[in-house]
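Hi everyone, thanks for coming. Today I'd like to walk you through one structure, piece by piece. Let me put it on the screen.

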Amino acid sequence: RMFHDDELEESEKFYVGQPRVLLLIYALYNTLVARSEMVCYFVIILNHMISASMITLVLPILIFLWAMLSVPRPSKRFWMTAIVYTEVAIVIKYFFQFGFFPWNKHVDYTKDKPYHPPNIIGIEKKEGYVHYDLVQLLALFFHRSILKCHGLWDEDEKGDSSSNKEDTDDELSLTGGRRGSSASLKSVNLAASVESIHVHFPEQQTAIRRKSSSSISQLSHRSSFSSHRSKRGKCHGISGIRRTNCKLCAIKSHCGLCCFRTLQVYMPIRQFFYNLIHPDYSAVTDVYVLMFLADTVDFIIIVFGFWAFGKHSAAADITSSLSEDQVPEAFLVMVLIQFGTMVVDRALYLKKTVMGKVIFQVILVFGIHFWMFFILPGVTERKFSQNTVAQLWYFVKCVYFGLSAYQIRCGYPTRVLGNFLTKSYNYVNLFLFQGFRLVPFLTELRAVMDWVWTDTTLSLSSWICVEDIYAHIFILKCWRESEKRYPQPRGQKKKKVVKYGMGGMIIVLLICIVWFPLLFMSLIKSVAGITNKPLDVSITITLGGYQPIFTMSAQQNQLKSLDPSEFHDFLRSYRGNTAALQFLEGYAREDITRADLEGNSNSLWTISPPSRNKMIQGLTDFDADFTLVISWTIQRTLEEVYPYYIKAPSDSLAKPIKQLLKDCKWENITVSLVKNASEEWWVLNQLGKRHKTSHESLELFIFSDKVSPPSLGFLAGYGIMGLYASVVLVIGKFVREFFSGISHSIMFEELPNVDRILKLCTDIFLVRETGELELEEDLYAKLIFLYRSPETMIKWTREKT
């Protein structure tokens, strides 16, 4: 060994000999130190999600538009800005916690109002108002200590020490943010008047930058400054007429100072974004897939939690709304915006325009923050800190902003070749790629967007042909690689593991699909079924269509369940009766109820004398037929029987609205019998009516849905699900056959070796990205000729010898 130190070896042995828990703590601390910058970002975003105020809004915007865009890392100025701003925010929040402020006297009443000014600003009085700010300040100081330990805290000051600054009242000399840049600002000469302001903007750089450019041209304007001072001196020893000109000169000097102050803010920002768009060196990376996944997660959050972005949380899920042919406005707006941003992001990725990505990033950062923290609370009528779904959506969008800033800082890749799932040839990529192609319209939309925003000489049909051939060849390549990894010797039969594993699984799947309805209906009653006991059993006997002569009902204690001994005796009484036992197999003891009915009718027989005489004549005529009708009724009800709120949808089936009922329970009603000297009747009354009335009555609210106009009735009659099933899926089937059916019509499917064809497709992608469009046409013609010539295809797909 070239270097040996006993103390270092002892230290290493001591470290290795520590308990695993302690080693895990060391590793977590080292991870925290290595990612202290990301910890600060996370704490700042978390603080803003909890507080959701204008005070905490500034730092997240600075993170996404300044810190994460800085190369190679955020400057000392940013961290000092964050530290000082956090300290000032803590002091401001503490100052406004005193009770003598008028808005602090009714905190319980105003704490949940989203548009209450103290809540928007972030100066409301509350418990733990400064906890997250202190954690944020602690994280910032921790990161500051890490930078100082590595000597990176004063790096910016050392880099700027070589620049010579002249008198700032009359002259401003600015250099580029990155050292060694040939595109630095040359000079800014500010004289007393507006006419003497000269600004030299950065020179435009060529496509290939010279890395050897190390000198920065700085021009001194001492001569102009001296002449300016001489001009000012001439204004003092002159007459009153000249003094008027002197006042005009002073006004112009004031305007020039205002322009100077404006340029002090504008020029560094302009230079920052200019250096970002035109970097000297570009560490090209590709995180589009991660950005797409973040957008997809946000899309899923919108679909399953759209009620959190609407008013009053009208529905619990999207399926219930779609089943009633309703499209919530909040869901529609959020989905369209989310999908539109994904399309724009794809277009910027294909065009590889960093400037467009920077503009898109700025618009999204300001737009989403304005929407989430100023518009959405007014729409939902609740604070952002109380909307968990919106907080989750915002956090995922912050991850997208971070990835987007990293993409801008590193630059877009110079070549976009194929699908990200086609980088490896294994089962995982194969099944993921096939699943990607099964998503309706996703493959078609991607192919058309790639053709629109990519420079090419191919027509749309030719482009689709290449994409389909490439997809087909990739799938064949994955299968060929799997055959190489798990070779099958020639002449040997398939193993039982493969036959019963793959074949058996397919057989079981097909059987389950064929017999699923019967299996489902059987299991839903026998396994998951719930006993529904009757609450009322009534019997009525009628003679020949006249008034009933007997009416009796049984309720409550007159309806009894069988005990185990009675049930056993009941089954034993049918021993030997195969049909009866087969019927009883489907019922358990708790499914059987015994009703005890009284022999005496519980109602008087009311019939007119003519009908009574006619019925007697019919009974005494033995030659004529006379009917006897026995009817029974088994009634099942709920404890709360009156719905109170009824929804009348576009179809004929009216439904109770459970969302408007207290605890989803129906209303109670009272039923009473009123009698006078010779008449009787029943009276019903509803309890808990909205409109208190003195007399007995029932109250009902009906909500009617809007219906479609008659001219569109033929489409609206299908409903949303019907349209998707009968129109969209059918059209999607034809479109899919157009996009994926080209390769299936080619003569050869079994290709032993597809490496050469796959390389030809990759070469087409490569020359297209490099701008060799004539060569793209030649390679495409070669690919088409290859598929038109079976003999050539055989030669190209032979196994390599």
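Let's start with Lys-759, which makes a salt bridge with Asp-763, their closest N and O atoms being 3.2 Å apart. By salt bridge I mean a side-chain nitrogen of Lys or Arg within 4 Å of a carboxyl oxygen of Asp or Glu. The background is simple: side chains of opposite charge can pair when their charged atoms come close. Both Lys-759 and Asp-763 sit in helix 27, 4 residues apart, which is about one turn of the helix. The helices here are DSSP runs of H or I with at least four residues, strands are E runs of at least two, and both are numbered from the N terminus.

Before I go on, a word on what we are looking at. This is a predicted model, where local features need pLDDT of at least 70 and side-chain atom pairs count only at pLDDT 80 or more, while totals for chains, interfaces and linings use all residues. Residues are numbered from 1 along each chain as its sequence is written, and side-chain values use heavy atoms, with hydrogens and water left out.

Back to our pair: are the two residues buried or exposed? Lys-759 is exposed, at 52% relative accessible area, and Asp-763 is partly exposed, at 23%. The cut-offs are under 20% for buried, over 50% for exposed, and partly exposed in between, with a 1.4 Å probe and protein chains only.

How many salt bridges does the rule give? The count comes to 17. One of them joins Asp-755 and Lys-477, at 2.4 Å from N to O. Asp-755 belongs to helix 27 (residues 755–769) and Lys-477 to helix 19, so this pair ties together parts that are 278 residues apart in sequence. Lys-477 counts as buried, at 7% relative accessibility, whereas Asp-755 is partly exposed, at 22%.

Stay with helix 19 for a moment. Arg-480 pairs with Glu-483 in a salt bridge, with the closest N and O atoms 3.5 Å apart. These two residues are 3 apart in helix 19, so about one helical turn separates them. Arg-480 is buried, with a relative accessible area of 11%, and Glu-483 is partly exposed, with 45%. There is also a network of salt bridges, linking Arg-346, Arg-446, Asp-450 and Glu-467.

A search of the whole structure finds 6 cavities of 30 Å³ or more. On a 1 Å grid over the protein atoms alone, a cavity is a set of points where a 1.4 Å probe fits but cannot get out, and lining residues have an atom within 4 Å of a point. Points are joined across faces, edges and corners, and the volume is the space filled by probe spheres set on them. The largest cavity holds about 170 Å³ of space. Its lining has 15 residues, and those nearest the centre are Arg-437, Thr-443, Arg-446, Glu-467 and Ala-471. Two or more lining residues come from each of helix 17 (427–438), helix 18 (442–452), helix 19 (460–485) and helix 26 (719–740). Which helix gives the most? Helix 19 does, with 5 residues.

Between helix 17 and helix 18 there is a loop, and Phe-441 is found in it. Phe-441 has a positive phi of about 70 degrees although it is not a glycine. Most residues other than glycine have a negative phi, and most peptide bonds are trans. Glu-381 also has a positive phi, of about 60 degrees, and its place is in the loop between helix 15 (354–380) and helix 16. As for peptide bonds, a cis one joins Val-71 and Pro-72, with omega about 0 degrees. Look for Pro-72 in the loop between helix 4 (54–67) and helix 5 (76–95).

One last stop is Cys-410, in helix 16 (residues 388–410). Cys-410 counts as buried, at 8% relative accessibility.

Terms used
1 Å grid on protein atoms, 1.4 Å probe; cavity = no way out; pocket = protein on both sides within 12 Å on 5 of 7 lines; lining within 4 Å.
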